[in-house]
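User: Could you walk me through how to read helix packing, a chain interface and a nonpolar core? I'd like the general idea each time, then the case at hand.

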Amino acid sequence: MADNTPAGSTTDGAIQVGGPKQPIDARVSAPASYDVADFPVPHGREEEWRFTPLERLRGLHDGTAVATGAGVKVEVEAPEGVTVETVGRDDARLGKAGKPVDRVAAQAYSSFEKASVVSIPKETQLTEPVRISVHGEGGVAFGHQVVEVGAFSEAVVVLDHTGDATLAANVEYLLGDGAKLTVVSVQDWDASAVHAAQHTALVGRDASFKSVIVTFGGDLVRLHPRVVYGAPGGEAELYGLYFTDRGQHQEHRLFVDHDTPHCRSNVAYKGALQGKDAHAVWIGDVLIRAEAEGTDTYELNRNLVLTDGARVDSVPNLEIETGEIVGAGHASATGRFEDEQLFYLMARGIPADEARRLVVRGFFAELVQQIGLPDVEERLLAKIEAELGASVA
Amino acid sequence: MATLEIHDLHVSVEAENGPREILRGVDLTVKQGETHAIMGPNGSGKSTLAYSLAGHPKYTITGGTVTLDGENVLEMSVDERARAGVFLAMQYPVEVPGVSVSNFLRTSATAVRGEAPKLRTWVKEVKGAMERLQMDPAFAERNVNEGFSGGEKKRHEILQLELLKPKIAILDETDSGLDVDALRIVSEGVNRVRETGEVGTLLITHYTRILRYIKPDFVHVFANGRIAESGGAELADKLEEEGYEAYVTKGGVTA
């Protein structure tokens with residue numbers, strides 16, 4: 001599949017070893033900041049904006065988007081022992097995972113009025129997931145969510161986005177020493193929604209963070225899943241699935257900052273695309289700083305183009321500033337579901353629509369298994385079926 | 001008794017300067033229980049015949065008829081042909097990433113048999129067939145044709161032949177790229193299916209080598225897009241000695 005890149009796609013990754021001539025941090029148009037005023041209004045030529053259709057951001061990027069009353073409704077369903085609070089801007093737990101890295105995230109940070117903080121006390125094993133539902137009510141909203149997991153606790157959090165909204169948000173995951181957190185973020189928006197968010201995890205000593213990002217809906221979704229390590233021994237698994245349909249723009253910009261020794265990261269994102277002007281963007285930035293000896297990292301992005309007219313931009317970037325590492329690698333490939341594959345399956349009696357389902361389900365199978373929540377997995381498979389059904393019709 | 005009848009079949013492909021005729025009036029009848037070897041030089045149209053019968057969209061039928069027990073095969077879609085009992089073992093089976101062999105075989109068997117095979121008997125059936133073809137059980141968990149060696153691909157094709165039990169099996173250069181051991185194992189697989197007496201076999205090959213393992217009832221020499229000569233197994237011996245030269249100079253190669 002790797003040698004079969006359809007017209008209208010890029011996979012120009014890079015591995016840079018040694019002194020950074022142009023470090024990942026320097027490619028952005030402004031350093032990270034909590035204040036929106038520190039970022040110039042993007043015009044589309046900036047490295048971090050060049051794939052994004054700014055005109056479809058509904059003013060989130062230039063200050064013209066203003067929060068409305070009916071933005072999003074947030075509901076948290078948490079098992080016993082979990083504290084759920086709504087706090088003001090001055091709460092000390094906000095902003096600890098890191099600064100916003102682009103103007104929209106900074107806009108969200110500068111504009112939100114109330115934040116939600118979910119805390120799991122130390123040494124607690126949750127048997128049920130925490131479910132955070134973000135339901136769009138048609139307006140503009142700026143959100144801030146913190147999930148704090150105490151030392152040696154284990155938790156699963158589902159962040160479920162539905163409805164219609166123009167939403168810019170920051171989500172922070174704070175993992176104490178030895179904590180284990182799995183987050184499943186589902187972007188199941190209505191077709192008109194616009195969603196830009198930064199999800200940053202601060203991984204404590206020997207802690208494990210697992211993120212599964214599932215993006216289906218929306219007119220435009222642009223997410224920054226990011227990982228930073230607070231102490232050695234941390235581990236991050238970042239998985240993602242997206243199904244980009246006609247006219248949709250779905251962009252995932254990952255950054256793993258290995259600035260601490262003996263940490264691990266593993267990234268695997270897979271996307272299927274179909275229909276005219278379906279556009280998926282995947283940026284995988286991994287930086288291994290000089291002090292991060294003993295790092296072990298791998299990132300992978302695979303795309304499956306089901307029809308003509310879809311476009312994929314997949315750019316893995318790996319920068320290595322120390323040779324004292326366990327391993328580092330990346331892979332990116334975009335393949336087409338080809339007529340020859342279809343012929344082969346049909347020649348074994350399998351009807352065309354079933355053949356397509358078989359291939360797409362197979363393509364996503366290993367990542368669907370990573371979710372570990374039967375209700376979310378079933379919903380996801382049902383969505384895939386529905387999307388495929390729509391393509392045949 | 002199942003019968004495949006090909007009558008005056010003409011087939012073209014789209015080439016740079018318009019359609020190019022490759023099959024120029026093929027007549028052939030294959031009955032259940034019979035084995036027909038189709039032999040011929042490169043470019044004579046052997047593979048085109050195989051793919052046209054399976055319904056590959058690249059080939060346009062410009063004339064003639066193909067029927068299976070009186071049913072018009074040419075009107076059927078690719079999957080309908082397979083379900084009607086036409087099987088094509090491909091020379092170059094394609095990779096299907098993300099789909100495991102076991103999932104593929106079961107989906108395919110369900111489609112061809114019209115109902116899902118009972119799980120317990122199915123597992124046994126697949127396991128037995130794989131053992132006979134000397135395939136590692138781990139093979140079932142690999143993705144279809146992904147990273148398979150040439151020999152593994154051909155064994156996988158014959159495994160499907162054994163499981164799908166077609167009425168008409170078209171084997172397109174199944175012998176190509178196989179070493180002696182693999183050729184023997186694959187041929188034995190084909191013979192097991194033939195011995196049931198329920199399949200008509202169309203064995204397409206460039207070389208006579210495979211005919212030492214699979215004895216044909218009829219041998220047809222393919223040249224210039226049609227059958228140039230037909231005979232019994234002895235015709236293969238003649239080809240072994242004399243090659244295709246006589247046919248090539250007579251008609252010219254179409255390639």
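Analyst: Happy to! Let's begin with handedness: a crossing is right-handed if the near helix is turned clockwise from the far one by less than a right angle, and left-handed if anticlockwise. Keep in mind that this is a predicted model. Here, the crossing in which α4(B) passes α5(B) is right-handed.

User: At what angle do α4(B) and α5(B) pack, and how far apart are their axes?

Analyst: Helix α4, residues 119-132 of chain B, packs against helix α5, residues 150-164 of chain B, at about 135 degrees, and their axes are 10 Å apart. That angle is why α4(B) counts as oblique to α5(B).

User: Which residues of α4(B) and α5(B) meet?

Analyst: From α4(B) come Glu125(B), Val126(B), Ala129(B) and Met130(B), and they meet Leu159(B), Glu162(B) and Leu163(B) of α5(B). Sorted by class, this contact has five nonpolar and two charged residues, with no polar ones.

User: What does the packing of α3(B) and α5(B) look like?

Analyst: The angle between α3(B) and α5(B) is about 35 degrees, and the axes lie 10 Å apart. This crossing is right-handed. On the α3(B) side, Val101(B), Leu105(B), Ser108(B), Ala109(B) and Val112(B) take part, meeting His156(B), Gln160(B), Leu163(B) and Leu164(B) of α5(B). The class count is six nonpolar, three polar and no charged residues.

User: Now the interface. How many residues does each chain bring to the contact?

Analyst: Chain B brings 20 residues and chain A brings 18. On the chain B side, α2 (78-84), β7 (96-100) and α3 (101-113) each supply at least two residues. Of the elements of chain B, α3(B) gives the most to the side touching chain A, with five residues. That side of chain B divides into 12 nonpolar, six polar and two charged residues.

User: And the core: which residues touch the most other members?

Analyst: As general background, nonpolar side chains in soluble globular proteins tend to be buried together. In this model, the largest nonpolar core holds 184 residues, and those touching the most other members are Tyr173(A), Leu175(A), Phe87(B), Ala169(B) and Ile170(B). Strand β7 of chain A, residues 154-175, gives the most to this core, with 12 residues.

User: What does Ile170(B) touch?

Analyst: Leaving aside residues up to four places away in sequence, Ile170(B) touches Ala50(B), Leu53(B), Ala54(B), Phe87(B), Leu88(B), Ala89(B), Leu202(B) and Ile204(B).

How values were computed: Residues are numbered from 1 along each chain as its sequence is written. Chains are lettered from A and ligands numbered from 1 in the order in which they are written. This is a predicted model: local features need pLDDT of at least 70, side-chain atom pairs count only at pLDDT 80 or more; totals for chains, interfaces and linings use all residues. Axes are lines fitted to C-alpha atoms, for helices over the stretch in contact, and angles run from 0 to 180 degrees between N-to-C directions. Helices (H or I, at least four residues) and strands (E, at least two) are DSSP runs, numbered from the N terminus. Angles under 35 degrees count as roughly parallel, over 145 as roughly antiparallel, 65 to 115 as roughly perpendicular and the rest as oblique. Two residues are in contact if their C-beta atoms, placed from the backbone, lie within 7 Å. Ala, Val, Leu, Ile, Met, Phe, Trp, Tyr, Cys and Pro count as nonpolar, Asp, Glu, Lys and Arg as charged, and the others, Gly among them, as polar. A nonpolar core is a set of buried Ala, Val, Leu, Ile, Met, Phe, Trp, Tyr and Cys residues joined through C-beta atoms within 7 Å. A residue is buried if 20 or more other C-beta atoms lie within 10 Å of its own, exposed if 12 or fewer, and partly exposed in between; C-beta atoms are placed from the backbone.
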